[in-house]
Amino acid sequence: MILNNDVLQAKGLKLNPPPAPVGSYVQCLQSGNQLHLSGGISVNGDDAYYGKVGTEVDLATAQKAAAAAILNRLAVIQHELGGFERLTKIVAVNGFVNSSPDFTDQAKVLNGASDLLVELFGPEAAHTRSAVGVAALPLNVAVEISMVVEIEPDYAG
Amino acid sequence: MILNNDVLQAKGLKLNPPPAPVGSYVQCLQSGNQLHLSGGISVNGDDAYYGKVGTEVDLATAQKAAAAAILNRLAVIQHELGGFERLTKIVAVNGFVNSSPDFTDQAKVLNGASDLLVELFGPEAAHTRSAVGVAALPLNVAVEISMVVEIEPDYAG
Amino acid sequence: MILNNDVLQAKGLKLNPPPAPVGSYVQCLQSGNQLHLSGGISVNGDDAYYGKVGTEVDLATAQKAAAAAILNRLAVIQHELGGFERLTKIVAVNGFVNSSPDFTDQAKVLNGASDLLVELFGPEAAHTRSAVGVAALPLNVAVEISMVVEIEPDYAG
């Protein structure tokens, strides 16, 4: 896939360096021609979103949080693959929204990530998705997203 | 696999048209010989289940909600594959139950989906499963289920 | 991979028989060269952890719960593969922590599982991971973990 940098810049967004590895887990791991990504939080450089959606965080802000979380994950993919040329499919986007018990717009929150993917990569970035509202998230972030993507075989490998 | 329509009819259940595509994501996507399915909600035609299980929704009703969610997903598979003949394994069923904090029968709720799969397809439909209780779900549905299934290669492809 | 039994014994831990199959789902299922594991609870023989983390269960105890859940899953892998020799990668560890709404150390809780994997198998057990806080879990367990692992093809198959 090819990331449209103009779209990124027009939105005032950018890809930052990927999160530093911590502890005993890794940010991504290849299995066959899929790359699995750890859950990434709604922190993309200085663009960081915390709090419970529905009470402390409103829908529009939560959508920005979802965008930050997906950019956080794209930074990992970019670093791992040396760009997005080998990225062939975004298979699954699993979205967890830090939700008050009566907040029911998790799908709209995740549109902040899904729409951005298609704006950045075009219609071939359409993906499967789940959106659920969880009681709490690490560091009290507003959104966490894990992913599975498909990549071209590495012929040089 | 072959779906036993007699079982479906005896239970007064049916497969409806799959949910219409909305937004930037798709209901299913093939990667290798697996089909990934987006999270599907406990709405199967007129059979729709909303509310928090444990307080607003009782166990028996929640089990029907899980059945509705899995039928919602089977409708997507049927539409994608033109039937169930190419379906070889139900790899993973990920069940999210809209739960009050003190409700602890998520496994029994998901039996409403797991048992139905085996009743409809036979023992070869046995699958791995996770069942968790989430704080909230999109549209306040009672149950959401995402899936991974395995399919035969498409020789005509 | 090779499990270091000395580490297990030094910690006073052990692998118990895998949970008995119940209902219409199975503890694990192979798809291609991956093994998918159902969500396993924080019960490893007599070592069982229940309650909501943040209020009823403290961080140190929750980390032991995560270790119990991952040992519960390793027991399934060991039983399925007849050992760990055919286990080549731990692809994904999906951790669900039974959390009070204000508990935000889910990542530290999951370190109880991630660190143990690396202590037992060495650095090749590094894996992707998600850690979320859910409203409730089956049987009121403290932690539930599902997994995807990669295995060598079964040449004898």
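## A buried arginine in chain C

C:R129 is buried, with a relative accessible area of 4%. Here buried means under 20% relative accessible area, exposed means over 50%, and partly exposed lies in between, using a 1.4 Å probe and protein chains only. The model is predicted: local features need pLDDT of at least 70, side-chain atom pairs count only at pLDDT 80 or more, and totals for chains, interfaces and linings use all residues. Residues are numbered from 1 along each chain as its sequence is written, chains are lettered from A and ligands numbered from 1 in the order in which they are written, and side-chain values use heavy atoms, with hydrogens and water left out.

C:R129 sits in strand β6 of chain C, residues 128–134. Strands are DSSP runs of E with at least two residues, helices are runs of H or I with at least four, and both are numbered from the N terminus. The C-alpha atoms of C:R129 and C:G95 are 7.3 Å apart, although 34 residues separate them along the chain.

## Its neighbours

Which residues does C:R129 touch, leaving out those up to four places away in sequence? In chain A they are A:Y25, A:S38 and A:G39; in chain C they are C:V93, C:A107, C:L110, C:N111 and C:S114. Contact means heavy atoms within 4.5 Å.

Two of these neighbours also make polar contacts. The side chains of C:R129 and C:N111 meet at 2.8 Å. Those of C:R129 and C:S114 meet at 3.0 Å. A polar contact is a pair of N or O atoms within 3.5 Å; within protein, one must be able to donate a hydrogen and the other to accept it, and residues adjacent in sequence count only if both atoms are side-chain atoms.

## The serine partner

C:S114 belongs to helix α3 of chain C, residues 106–121. Is C:S114 buried or exposed? C:S114 is buried, at 0% relative accessible area. Its side chain also has a polar contact of 2.8 Å with the side chain of C:H127. Beyond four places in sequence, C:S114 touches A:S24, A:Y25, C:H127 and C:R129.

## Aromatic pairs

How many aromatic pairs are there over all chains? The count is three. Rings of Phe, Tyr and Trp (its six-membered ring) pair if their centres lie within 6.5 Å; planes under 30 degrees apart are stacked, over 60 edge-to-face, and the rest tilted. The rings of A:F84 and A:F121 have centres 5.2 Å apart and planes at 70 degrees, so this pair is edge-to-face. A:F84 lies in the loop between α2 (59–81) and β5 (87–98) of chain A, and A:F121 in helix α3, so the pair ties together parts 37 residues apart in sequence. Both A:F84 and A:F121 are buried.

The rings of C:F84 and C:F121 have centres 5.2 Å apart and planes at 75 degrees, so they are edge-to-face. Both C:F84 and C:F121 are buried.

## Loop residues with positive phi

Most residues other than glycine have a negative phi. A:L139 has a positive phi of about 60 degrees although it is not a glycine. A:L139 lies in the loop between β6 (128–134) and β7 (143–151) of chain A, and is exposed at 55% relative accessible area.

C:N140 has a positive phi near 65 degrees. C:N140 lies in the loop between β6 and β7 of chain C. At 24% relative accessibility, C:N140 is partly exposed.
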